[in-house]
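Biologist: I'd like to learn how to read a model like this one, feature by feature. Could you walk me through it?

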Amino acid sequence: MKNKIKLTLLLFIAITPIFCVGIDLLMSVIQPDSESGGALTFDQSIINQVIYFSVWTTLITSFWGIAAVLNYFRKNSKRIAWAESDNVMTMVVSYQIVVFLIYTFTFIASRDGIVGFNTWYKVLKSVLEHWILPFVVIGYYILRERESTLTSKEFMKKKAWINCIIPFAYIFFISIRGLMIVKYSDKADWFTPFPYSQLDPTDQPVYLWLPGMISFIALFYFVSSLVNFTSIKLNNKISIKYKFVR
């Protein structure tokens, strides 16, 4: 029974993110919402998606999930090593938690600030991607056996900073992209220069956007450290009979 539950969770983690990105990608072209300013081409729809860190997190989660599903059917000697790593899973969980908290807070505080929450497919995507998927990922993370022997302090010294690399790459990407659009593009409606107004150096003073970017990157260092610490504590309390065997 445990193996069936494990495979079910892994399949959900692998398939659901691709479904969420895919349905938004296709339906934004077929049935654009009123906020998009008209019909989008497929290329424009892709561009509109890749500017959000939630999409980056979704694709990373799916990529890990697919690798984990493949490992499920492979012998130990042929498994994809990084997909079995506690540290990689901690990174995925950390990204999911941050996206969940930011999206939920925005939804509660200012629902109007959420782009496109006015079509059935965007509502479906948001519910699956931001509210259901994170809990499935966290549930799997808690029930899997830990193999890492790093203490919390060792994790903070040796591994936590690695989880900041992708957020740094994301900030670099949206900054270069946004500045080039502002300087060289006619700024069509679908060319949103910066996905988050707080990080827009063309609209916000430097004392807001610069600390915002630094804080965004550093946030994942502390969240991943906290997630790892919590995982160690829970791993010691949860009976082995409830855990997924690798």
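Biologist: Let's start with Ser54: which residues does Ser54 touch, not counting those up to four places away in sequence?

Modeller: Contact here means heavy atoms within 4.5 Å. By that rule, and skipping residues up to four places away in sequence, Ser54 touches Val99, Glu129, His130 and Tyr196. Keep in mind that this is a predicted model, where local features need pLDDT of at least 70, side-chain atom pairs count only at pLDDT 80 or more, and totals for chains, interfaces and linings use all residues. Residues are numbered from 1 along each chain as its sequence is written, and side-chain values use heavy atoms, with hydrogens and water left out.

Biologist: Is Ser54 buried or exposed?

Modeller: First the cut-offs: buried means under 20% relative accessible area, exposed over 50%, and partly exposed in between, using a 1.4 Å probe and protein chains only. Ser54 has a relative accessible area of 15%, so Ser54 is buried.

Biologist: And which helix does Ser54 lie in?

Modeller: Helices are DSSP runs of H or I with at least four residues, strands are runs of E with at least two, and both are numbered from the N terminus. Ser54 lies in H3, residues 53-72. Neighbours within four places aside, Thr57 is in contact with Tyr95, Gln96 and Val99.

Biologist: How many residues of H3 are buried?

Modeller: H3 is mostly covered, with 14 of its 20 residues buried.

Biologist: How do I read the way H1 and H3 cross?

Modeller: Axes are lines fitted to C-alpha atoms, for helices over the stretch in contact, and angles run from 0 to 180 degrees between N-to-C directions. The axes of H1 (residues 2-30) and H3 come within 8 Å and cross at roughly 145°. For handedness, a crossing is left-handed if the near helix is turned anticlockwise from the far one by less than a right angle, and right-handed if clockwise. H1 passes H3 in a left-handed crossing. Among the residues making that contact are Leu10, Ala14 and Pro17 of H1, and Thr58, Trp64 and Gly65 of H3.

Biologist: What kinds of residues make up the contact of H1 with H3?

Modeller: In this scheme Ala, Val, Leu, Ile, Met, Phe, Trp, Tyr, Cys and Pro count as nonpolar, Asp, Glu, Lys and Arg as charged, and the others, Gly among them, as polar. The contact of H1 with H3 divides into 15 nonpolar, five polar and two charged residues.

Biologist: How does H4 pass H8, right-handed or left-handed?

Modeller: That crossing is right-handed. The axes of H4 (residues 86-109) and H8 (residues 206-237) come within 9 Å at roughly 115°. Tyr95 and Val98 of H4 and Phe220 and Val223 of H8 are among the residues in the contact, which divides into eight nonpolar, four polar and no charged.

Biologist: Which residues of H7 are buried?

Modeller: They are Pro167, Tyr170, Ile171, Ile174, Ser175, Arg177, Gly178 and Ile181. These buried residues pack against H2 (42-50), H3, H4 and H8.

Biologist: What about the loops: is Thr149 buried or exposed?

Modeller: Thr149, in the loop between H5 and H6 (152-158), is exposed at 71% relative accessibility. Thr119 sits in the loop between H4 and H5 (120-143), and at 10% Thr119 counts as buried.

Biologist: Finally, which residues does the UniProt "transmembrane region" annotation cover?

Modeller: UniProt positions follow the numbering used here, feature names are shortened, and annotations may be inferred rather than shown by experiment. The unreviewed UniProt entry gives 7-30, 50-73, 93-111, 123-143, 164-186 and 206-229. In the model, residues 7-30 are 100% helix, with end C-alpha atoms 33 Å apart, while residues 50-73 are 88% helix and span 31 Å between end C-alpha atoms.
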